[in-house]
Amino acid sequence: MLLAKLIFKSTNLSCYNKFLKGIPIKCGYMLIPFEKLDPKQQKILKHQIGCLLVLAGPGTGKTEVLTQRIVYLITKAKEPTAKILAITFSRKAAKEDRLVQKVVKAFSGRMKLFSNNQVRHLLVDEYQDINHAEYEFVKILAERAESLFVVGDDDQSIYGWRGADPNIIRDFKKDFKEGLVETLNISHRCPRHILKGAYAIVSKDPKSIKKSLDSSKGDGSPIHVLFSKSWAVEAFWITNWIKEYLSKSDAKPNHIAILAKTLNLSDFLVEQLRYSGIPIVYWRSGGLFSDKNVLDILAYIRLIADKKDNFALRRCLATLTGSGIGDVAERKLRLIAEKHKCCMWEVMSNVRRFTELKRWFSSIESFVAHIKSMETDSSEFHPGDIVQLIAKKLGVDKLISVKRLQDFAKSLPDDACMKDFLNEIDKNRGIDLAGGGSEPEVEEEAVSVMTLHSAKGLGFEIVFILGMDDKILPDLNQEEYEQRRLCYVAMTRAKRELFLCHAKARKGPAAFGLSFYKPSRFLLDIPKEHREIINNEYA
């Protein structure tokens, strides 16, 4: 029971509470009366025995259909609430991935815990975001359940850095015998031009499940592709457009969102908006501990402290230290580790035993030597000095966020060790090391500024996406298809107007000083009938 409590601590059922609160269950009706749902929706909700995947595109109501399913089971099928289990793994669960693995190990072969149909109906939200440990956990729970009902969209899987694998949802029918797939393909959020343009980008992934998406909102406006000669000209144009929009009687600042792969891409634009008297609010997840460089440093410290921490190791591989070890090598490492029931570090430390890794022998041995060197250098140091040492090796020791992390570490007692430092971080439940759900810094009516990842699950009337430049989106050093999915998620936050913004020149940390760019190759994938060009090169 203790392990069960630990794992369910990493779930977040507030989304269901929000929908279920106030529903007159005893009166026997739902948010929308069952009889008013279309035949396909009714068929999905009435699913009784076996495994069902509801493949739901953006704005088609993934979480809503799961909530409706719960209410149907209670009010129509007259199922006792104690027989229904609904779970969603939040992004915070990546702090607790090892707990998931412990639960899987503890439950394997002991399914008598779920005898007598204790859980008859199992429901899982955001199935595209689960990792392999969470998948094994779901399979164990599903073994004795009468029905498994999961909702998700493989094209919205954007958390590969925490182990989420879109192939899990794609292999649903193969993994669950006689599994069925139903599709919700009518978006009530995005107009058709935005939906079709975004899908043209994400569907380039040959493994993507093919879908026929449509909108209940008609064609809407074409996607606006803004070409600017510089970041400054881009900022002036966007500021003027927003000022004009807000001059309308029914317009409000919180209708608008500015999205970027990294927040510092928006720095100059934010300055111009504030100078013009337009309120802005940043949406952040985890404050200091959502900063990429801080998370990289913490990953190295976690790996040095515990070589079995696969999550930390994968993050380290994504830095310059892991140069030459790409996605293909990482996947092979993970599969070998799973096959031999060991951690990835053990495979890497004995890489010469595995001929399938021959292509990467040199790179893997170099990485292992680098980590061992860090471990030796930091063995006698205080956590504050360890942070500084690793930051210097990564070349990020001058950054403000890193200095703040170092100050935090230096505040610990003189006799504190590396594990004490990690324990202090883990004690603070407000810290989301996995980059969890974002929230506005202050509650006010303002233009929202956030990263592409933070926009997941949200919707705005007007959306500007900055950095639609090759080497930024996509970053040529990162996995292409996950970036396509990230772009798709960001584009489909728009309810009315969408602006994709390319600048020939950008200045700042995101551009490594001053850099010149070509338009993002993703822009070329959007069919001409779904976009219009705004030439802002001579403003």
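**View 1. Ile297 is a buried residue of helix 12 in this predicted model.** At 0% relative accessibility, Ile297 counts as buried, and the model in which it is seen is a predicted one. The residue belongs to helix 12, which covers residues 292-305. Leaving aside neighbours within four places in sequence, the contacts of Ile297 are Val387, Ile390, Ala391, Leu394, Val396, Val402 and Leu405.

View 2. Strand 8, made up of residues 223-228, is mostly covered, with six of its six residues buried. Ile223, Val225 and Phe227 point one way from the strand, while His224, Leu226 and Ser228 point the other way, and all of them are buried. Strand 8 runs parallel to strand 17 (residues 531-536), to which it is joined by six bridges, and in this pairing His224 stands opposite Glu532. The pairing of strand 8 with strand 14 (residues 494-503) is also in the parallel sense and extends over five bridges; here the bridge partner of Phe227 is His502 of strand 14.

**View 3. Helix 9 and helix 20 are in contact.** The axes of helix 9 (residues 192-202) and helix 20 (residues 480-491) come within 8 Å of each other and cross at roughly 170°. Because angles over 145 degrees count as roughly antiparallel, helix 9 is described as roughly antiparallel to helix 20. On the side of helix 9, the residues that meet the other helix are Ile194, Gly197, Ala198, Tyr199, Ile201 and Val202, and they face Arg484, Arg485, Cys487, Tyr488 and Met491 in helix 20. By class, this contact between helix 9 and helix 20 has eight nonpolar residues, one polar residue and two charged residues.

View 4. The structure as a whole holds zero disulfides.

**View 5. Leu473 and Pro474 are joined by a cis peptide bond.** For the bond between Leu473 and Pro474, omega is about 10°, and the bond is cis. Pro474 lies in the loop that runs between strand 13 (460-465) and helix 20. As background to this view and the next, most peptide bonds are trans, and most residues other than glycine have a negative phi.

**View 6. Glu126 and Glu178 are loop residues with a positive phi****.** Glu126, although it is not a glycine, has a positive phi of about 50°, and its place is in the loop between strand 3 (121-124) and helix 6 (132-142). Glu178, likewise not a glycine, has a positive phi of about 60° and is found in the loop between helix 8 (172-175) and strand 5 (180-184). At 75% relative accessibility, Glu178 counts as exposed.

Note on methods
Residues numbered from 1 in each chain as written. Predicted model: local features only at pLDDT ≥ 70, side-chain atom pairs only at ≥ 80, totals over all residues. Heavy atoms only, no water. Disulfide = S-S within 2.5 Å. Buried < 20%, exposed > 50% of the residue type's maximum accessible area, 1.4 Å probe, protein only. Helix = DSSP H or I, 4+ residues; strand = E, 2+ residues; numbered from the N terminus. Pairing = 2+ DSSP bridges. Axes fitted to C-alpha atoms, helices over the stretch in contact; angles between N-to-C directions. Parallel < 35°, antiparallel > 145°, perpendicular 65-115°, else oblique. Contact = heavy atoms within 4.5 Å. Nonpolar A, V, L, I, M, F, W, Y, C, P; charged D, E, K, R; others polar.
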